[in-house]
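Here is a short briefing to read alongside the model. Let's go through it topic by topic.

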Amino acid sequence: FPGLADVSIPQDIPVEGEITVPVGSHSPDEDYSTLDEPVKDTIMRDLKAVGKKFVHVMYPRKSSALLRDWDLWGPLVLCVSLALMLQGGSADSKDDGGPQFAEVFVIIWFGAVVITLNSKLLGGTISFFQSLCVLGYCVMPLTVAMLVCRLVLLAGAGTGSFIIRLIVVGAMFAWSTLASTAFLADSQPPNRKALVVYPIFLFYFVISWMILTFTPQ
Amino acid sequence: IACLVMYLFAEFDDAANLLAANPDATTISIDEPVEIPKNQHSRLQEPGREEDDELLGTDDSDKTELLAGQKKSAPFWTFEYYQTFFDVDTYQVLDRIKGSVFPVPGKNFVRLYIRSNPDLYGPFWICATLVFTIAVSGNLSNFFIHLGKPTYHYVPEFRKVSIAATTIYAYAWLVPLALWGFLMWRNSKVMNIVSYSFLEIVCVYGYSLFIYIPTAILWIIPQKVVRWVLVVFSLCLSGSVLVMTFWPAVRDDNRRIAVATVATVLLLHALLAVGCLAYFFDAPELDIPAPIIPAHNSTTKVVLEQ
C-alpha cells in the first residue's frame, strides 16, 4: 500500500481493542434475541407468514415468497382439516366406506413426497421441502370445496346438490392444479414439463374424487 | 473388437477429425465397419434368420451394451444413480406409449424404443394411473348399474384402491423379476442371443399396461359383450408387444420351454385383465322387480338375457 508507507503510529496511542469485527449494524432482532420477545409476537409472525402464503395461493402470481420461506404449518392444518371433514361418511357392514383419517393423511403426504421425488429425479432444481410446501398449500382450494360440499349436503343430497358439488369441486381442482403448476413448472427442465405436471394433475384428481364421492350417513 | 471400436468412433465428429491425421488406410477402415457388420451378418446367417436382425438388432446390441455400461456409473447409494433411470423427455415417453399401443409387427419394443435407456417414470406412473382409473371406473360403473334400485346406497368403496394398488404394482414388478430370473437361468444353460436387463423387462411390462387405462374407462359401459370385446382387444395389443419382445429371447431354447414361457406370460396378462374386470366391476344383470313365480322368473330371465 504505497499511500500508507509514510504513516507512523505515535507511541502514546494505545493499540488495543476488541479482536472481533462487528458485522454490519445491529438489527433490532439481535439486540434482544427472539427468546425474550412476547409470545404473541412469535405466534403472530408465523401466523402472518402462513396467511401471506394462503393469499399467494388464492391469487397465484409468480412470486418467490412461497418458495423461499417454506413452512409446513399450512399444509398440516389443511391436511388435518380435510381429513377431519372427510370423516362421518357412509360405511356399510362391508366396511367399504369412504377413506379413513389415516388414509387421507397418507395419501396427501405420501403423494406429495412421491411427486417431489419424481420432479427431483427428472432434474428439477427445486428443493425437497419447497416442493412439499407448494403442493401442501395448493390443497387449500380443495379444502374450501370440501367445506362447500358439506354445507350443500346439509341442505339435501339429490341430483341438484350433486351438480353443484361437481361444479364446485371441478373448479377448485382446476384452481389447485393451475396454482401449483404456476409455482413448480419454472424449476423444471423445459422438455420435461409435461412429465412433471401430470403427476400433480393425478394427485389433485384423486383428492377431488375423494371429496366428490363423500356421502354422509 | 478393434473394428467395433472404430465403428464407435465413426459416430463422433471430433474423433473422426483426430483419425483423419492418420494414413488413408486407417481412415478408410472407419467407414467400412459401418457397412460390413450388416453384410457379414446377412451372409453368415441363414436366410430365414434375416428377419431377426430387426427383431434382435444384433448389429448394435454390442454398442448398446457398451453404452449401457458407461451410463450407470454412479454408485447406487447416490441420488445421481437413480436419476439415470429418469433420463427421458416428454416426447420419448409419448413415443414409448405409442409403441406399446400400436405394435408394429416384427419390431421389438425394447430394441426400437428403449434402446438401452430404460426408464422408471413410465412403469411407475402408468401403474399409478391404472390403479386409480380402475378404482374410479369400477365405482362409477357400479353406481350406474345399481342406480335405479331403491335399496342401493352409494359407497365410495375406498378399500378397493389399496387392493388395486397392491395387485397392479405386484404384477408390474414381481412378474418381471420372476421372468428375468427365469431368463437368466435359461441363459446359463442355453446360449441365447438376446438377453434383457431387469429394468428393460420392467419397462416393457409397465408400458404394455398402458392399453388397460382406456379399456378400464370404457368398462363403465354396462354391457357384457362390450366388456369382453374390450378385454380381448386390449389383450391382443399388449400381449403382442410382450410376445414380440420375449419370443426372440427364448426361441433358441428347447421348443417346449420357449412356448411354455410365452404362454405363461400371456396367461398372467390375461389373468390380470379378467381379474380386474371381475373384482372391480359388478356384473350388469338386468333386474326383474320382485318375481312372484320362480318358473316365470327363470323364463323371463332367459328372455331378457338374449
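Three salt bridges are counted between chain A and chain B, a salt bridge being a side-chain nitrogen of Lys or Arg within 4 Å of a carboxyl oxygen of Asp or Glu. One of them joins A:Arg192 to B:Asp89, with 3.0 Å between the closest N and O atoms. Please keep in mind that this is a predicted model, where local features need pLDDT of at least 70, side-chain atom pairs count only at pLDDT 80 or more, and totals for chains, interfaces and linings use all residues. Residues are numbered from 1 along each chain as its sequence is written, chains are lettered from A in the order in which they are written, and side-chain values use heavy atoms, without hydrogens and water.

**Where the chains meet**

- Between chain A and chain B, 11 residue pairs are in polar contact, both residues at pLDDT 80 or more; a polar contact is a pair of N or O atoms within 3.5 Å, where within protein one must be able to donate a hydrogen and the other to accept it, and residues adjacent in sequence count only if both atoms are side-chain atoms.
- On the side of chain A that touches chain B, helix H5 (101–121) and helix H9 (193–212) of chain A each supply at least two residues (helices are DSSP runs of H or I with at least four residues, strands are runs of E with at least two, numbered from the N terminus).
- H9(A) gives the largest share of that side, 10 residues.
- Chain A brings 33 residues to the contact and chain B brings 26 residues, contact meaning heavy atoms within 4.5 Å.
- About 2,700 Å² is buried between chain A and chain B, with 64% from carbon and sulfur atoms; this is the accessible area (1.4 Å probe) that two parts lose on being put together, summed over both.

**Chain B**

- Chain B has 15 helices and zero strands.
- Of the 306 residues in chain B, 41% are buried (buried means under 20% relative accessible area, exposed over 50%, partly exposed in between, with a 1.4 Å probe and protein chains only).
- B:Val190 lies in the loop between helix H10 (159–189) and helix H11 (198–208) of chain B, and is partly exposed at 23% relative accessible area.
- Beyond its neighbours within four places in sequence, B:Val190 is in contact with B:Asp252 and B:Asp253.

**Cysteines**

- Zero disulfides are found over all chains, a disulfide being a pair of cysteine sulfur atoms within 2.5 Å.
- The sulfur of A:Cys138 is too far for a bond, because the closest cysteine sulfur, in A:Cys133, is 8.8 Å away.
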